[in-house]
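Please examine the sequence and the three-dimensional structure shown below.

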Number of protein chains: 2
Amino acid sequence: MAPNNNRETQSVLQHWHRDVPNDRMAHMVRDASRLLAKSLQGRLADHGVSFGHWSFLRILWVTEGLTQRELSEEAGVMEPTTFTALKAMEAKQLIERRHLNGNRRKLHIFLTDKGRALKDVLTPLAEDVNRVALAGVSEEDRTTTRNTLLAMIDNLAIDNAADSEIDSND
Amino acid sequence: MAPNNNRETQSVLQHWHRDVPNDRMAHMVRDASRLLAKSLQGRLADHGVSFGHWSFLRILWVTEGLTQRELSEEAGVMEPTTFTALKAMEAKQLIERRHLNGNRRKLHIFLTDKGRALKDVLTPLAEDVNRVALAGVSEEDRTTTRNTLLAMIDNLAIDNAADSEIDSND
DNA sequence: CCAATAATCTTAGATATATAAGTTTATTTG
DNA sequence: CAAATAAACTTATATATCTAAGATTATTGG
């Protein structure tokens, strides 16, 4: 990983321990998201796996044979994101992309043995990040936070969809 | 904005309303962060401002004359991110970059009238996103969530810094 | 059954972010 | 004070993501 002075750490902490205006939840979510990604990325890098690839591996460890479209929905990203990641993962021989039953449109994704074997190696790393991140937070507060995030996700998904509908009125 | 069917919406909701494993806070934070960014981005786009530029404008509306380095710390991003954003913002005549007191190393950032005038236009948009996102969440739960996020940010900043220190041991 | 429509994947190009390394300028120290 | 070091900005390059639009293949409805 990268050599890095820890001015960064200090500045993030200082930043949030000064004044946190009541209406700035969004910034906290963004900072937390970036730091979570960075922590996991550092751990995954030791095994040659990027953050983006890991998010698809996770899904495939549970269910193989999904189409690219289905994988996109499951991962919560747009198709081009999925496409790019899967092409790279294919090149790294983590997955295979196969047409099934003579359907030449849908591409189904399967893990290679190599991709499958990473499960036991990488899963603990993600658990470790979650454990570290939530150290000192009570189970009750975790639940409340999860519910708040869930509410935000619902509210925003609806908000974004409403915008799209207005645009596509014709 | 983009025409968009709302399959996306449904999939995000379905995704999180199925099984949310106890140790997957990170995914919720990431989803929430992406949706928050997207919501704000849609609103800012109507005024020709990108999400990245807005995050520096916010800081400058409070304090002008910071150096690029100081702005990076304040925004919580690395210097190249700041550099790229500020160059683009300069080209759009939202800011000016000036050397002060004969110091030819530090560059201080100042708003143009145009950049300054955006404050009253854009601030309500961010407030709107926060309001929409947190609809139906009690003040108590908001506070708990904020505290949890703050704890996560602290924990992770320390974790990332610890990694860096190990790397730069020599 | 074939033409129109829809689904799926792909390409192109943009934005937001990072790390690593280079350049220039200021500061420090022998 | 001059050489070494550090600070600040810049360049180069990579990753993760998006929207918009194109290409191909399936499905559907007249």
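The description begins with conventions and confidence, and then turns to individual helices.

This is a predicted model, in which local features need pLDDT of at least 70 and side-chain atom pairs count only at pLDDT 80 or more, whereas totals for chains, interfaces and linings use all residues. Residues are numbered from 1 along each chain as its sequence is written, while chains are lettered from A and ligands numbered from 1 in the order in which they are written.

The term pLDDT denotes the predictor's confidence in each residue, from 0 to 100. Chain A has a mean pLDDT of 86, with 82% of its residues at 70 or more. Over residues 1-5 of chain A, pLDDT stays under 50. Where pLDDT is low, the predicted coordinates should not be read in detail.

Seven helices and two strands make up the secondary structure of chain A; helices (H or I, at least four residues) and strands (E, at least two) are DSSP runs, numbered from the N terminus. Along the sequence their pattern is α-α-α-α-α-β-β-α-α. Of the 170 residues of chain A, 35% count as buried. A residue is buried if 20 or more other C-beta atoms, placed from the backbone, lie within 10 Å of its own.

Helix α4 (residues 68-75) of chain A has the buried residues Leu71(A), Ser72(A), Glu74(A) and Ala75(A). These lie on the same side of α4(A), because they cover an arc of only 165° around the axis, taken from the directions from the helix axis to the C-beta atoms. Just after α4(A), Gly76(A) takes a positive phi of about 75°.

In chain B, helix α3 (residues 51-62) packs with helix α4 (residues 68-75) at an angle of about 105°, their axes being 10 Å apart. Axes are lines fitted to C-alpha atoms, for helices over the stretch in contact, and angles run from 0 to 180 degrees between N-to-C directions. The angle makes α3(B) roughly perpendicular to α4(B), a term for angles of 65 to 115 degrees. Ser55(B), Phe56(B) and Ile59(B) of α3(B) meet Leu71(B), Glu74(B) and Ala75(B) of α4(B); two residues are in contact if their C-beta atoms, placed from the backbone, lie within 7 Å.

Helix α5 (residues 79-91) of chain B also packs with α3(B), at about 90° and with axes 10 Å apart. Therefore α3(B) is roughly perpendicular to α5(B).

Methods
Buried ≥ 20, exposed ≤ 12 C-beta atoms within 10 Å, placed from the backbone. Parallel < 35°, antiparallel > 145°, perpendicular 65-115°, else oblique.
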